[in-house]
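I opened a notebook for this structure and wrote down what I looked up, entry by entry. The entries follow the order in which I turned to each topic.

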Amino acid sequence: MNVHEYQAKEILAESGVTVQRGITASNTDQAVKAAIKLTEDTGTKIHVVKAQVHAGGRGKGGGIKLAKSLDEVKSISDNIIGMNLVTPQTPPEGKKVNLVLIAEDVYYPGESDPEEFYVSVLLNRSTGRNMIMYSPEGGMDIETVAEKTPHLIYTEEIDPNYGLLPFQARNISFNLGISGIAFKEMTKFITCLYNSYLKSDATLFEINPVLKTSDSKIIAVDAKMTLDDNALFRHKEYESLRDLSEENPIEIEAKEVGLNYVDLDGNVGCMVNGAGLAMATMDLIKQSGGSPANFLDVGGTADAERVETGFRLILRDPAVEAILVNIFGGIVRCDRVANGIIEAYKNMGDEIKVPIIVRLQGTNSGLAKDLIEKSKLNVIAAIAFDEAAEKVQKVLL
Ligand code: GDP
Ligand code: MN
């Protein structure tokens, strides 16, 4: 689950990470009130208006603007709230901004060259360990740094038996080229950041930029955070952080009915039992020149009701031009699955406008194929894997 910058900063602050302070607003009145309150609390006269959407690169897309007066807070918020923000990380059509964060300006006016760093904490899946990735080249996207100056990206891997050791945190400050009071501040910042990452069961924290002010403060100016969905059951406090408007509506619906659905870009809808077979099916579709529209694991019980729910979910995606059902009938016999498909098809009547290719392999697969062929529905039966792929390709041509 991804959260908004303002929510991520609240989580960070709880663990003692210094963050750029801010107050959210969903209309211009609230924005001006937030700015006045921030001036009272922090003394800042300049404010930053920051669009709250689940995407980075907001600055480049015009979703982050400096306001030098309350009038500017008002006019800038008026522009940003309701705007369709397009950044390199949003879908091409952009994302609608419903909320802004009015934040204190932490870049001192007149300061010639504020130092910005990049710090992230993430799970290294190949070693199974958490690591801190960091760079003195903050403020720009890390992909560009990786391409142009890869030697300026450092990593520190954390042994789960010992946790982040003090010398590792100091090593990070050292490699970032920091000295004096700021060295200690950065070391503390890194330690608190890592603690927060562990405590929140996150899989990604990305703070870009981390700012070092001329008076040696270390501040998280931005915060991107991904929380581990599989650990959310032990964080009831994070339930309210979910922003459904940022999630794929089909995925939300699937979750409600207990199906594992992931939306993809292609045109072939897939209904499969078992995650491994689902992955193999997507490969097969790719190999035969198609492109999967989704990942859907219907699990062990492929009965009529479940198949129907699956069809309905898949068909909500307008890009779907054909559906490939690929089910291995082990305990659940193929003839039962076939009957389930036929029944679901009949229930849905003319809601199904795309051809369905069904590949049933396993117990009673021959019987299943006969059942489907005799049903006279717009369903094409196959037994072999490549036979199914070929038939998908044929209907797409
Ligand atoms: P992103 O574009 O989505 O990554 O959003 P960020 O929160 O990282 O902000 C983008 C850029 O805006 C930062 O790299 C800063 O250069 C600038 N910025 C953010 N906060 C402030 C601030 O308080 N004062 C000034 N002057 N610039 C800021
Ligand atoms: Mn950023």
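Entry: Val332. I began with Val332, which touches Gly300 and Val337 when residues up to four places away in sequence are not counted. Contact here means heavy atoms within 4.5 Å. I found Val332 in the loop between strand S17 (322-329) and H10. Val332 counts as buried, at 18% relative accessibility; buried means under 20% relative accessible area, exposed over 50%, and partly exposed in between, with a 1.4 Å probe and protein chains only. I also looked up Val332 against Pro136: the two are 196 residues apart in sequence, and their C-alpha atoms are 57 Å apart in space.

Entry: basis of the values. I noted that this is a predicted model, in which local features need pLDDT of at least 70 and side-chain atom pairs count only at pLDDT 80 or more, while totals for chains, interfaces and linings use all residues. Residues are numbered from 1 along each chain as its sequence is written, chains are lettered from A and ligands numbered from 1 in the order in which they are written, and side-chain values use heavy atoms, with hydrogens and water left out.

Entry: the whole protein. I counted off twelve helices and 19 strands; these are DSSP runs numbered from the N terminus, helices being H or I with at least four residues and strands E with at least two. The C-alpha atoms fill a box of roughly 80 × 50 × 40 Å along the principal axes. Of the 397 residues in the protein, 48% are buried. Among contacts with a separation of 6 or more, 66% come from residues 24 or more positions apart. The protein exposes about 19300 Å², and carbon and sulfur atoms supply 52% of that area. Accessible areas come from the Shrake-Rupley method with a 1.4 Å probe, and for residues only the protein chains shown count as cover.

Entry: Asp335. I placed Asp335 in helix H10 (residues 334-348). Asp335 is buried, with a relative accessible area of 9%. Leaving aside neighbours within four places in sequence, its contacts are Thr363, Asn364, Leu367, Ala368 and Leu371. With Asn364 there is a polar contact of 3.2 Å between the side chains. A polar contact is a pair of N or O atoms within 3.5 Å; within protein, one must be able to donate a hydrogen and the other to accept it, and residues adjacent in sequence count only if both atoms are side-chain atoms.

Entry: ligand 1. Which residues are closest to ligand 1? I listed Gln20, Lys50, Arg58, Gly59 and Asp105, out of 18 residues that surround ligand 1; a residue is near if one of its heavy atoms lies within 4 Å. An oxygen atom of ligand 1 is 2.7 Å from an N or O atom in the side chain of Lys50. For a polar backbone atom of Val106, the distance from a ligand 1 oxygen is 3.0 Å.

Entry: manganese. Asn208 (O) and Asp222 (OD) coordinate the manganese ion (ligand 2), at 2.2 Å. The two are 14 residues apart, Asn208 in strand S11 (residues 202-212) and Asp222 in the loop between strand S12 (218-220) and strand S13 (224-227). Donors are N, O and S atoms within 2.8 Å of the metal (3.2 Å for Na, K and Ca); water is not among the atoms, so sites may look incomplete. Asn208 is buried at 15% relative accessible area, whereas Asp222 is partly exposed at 21%.
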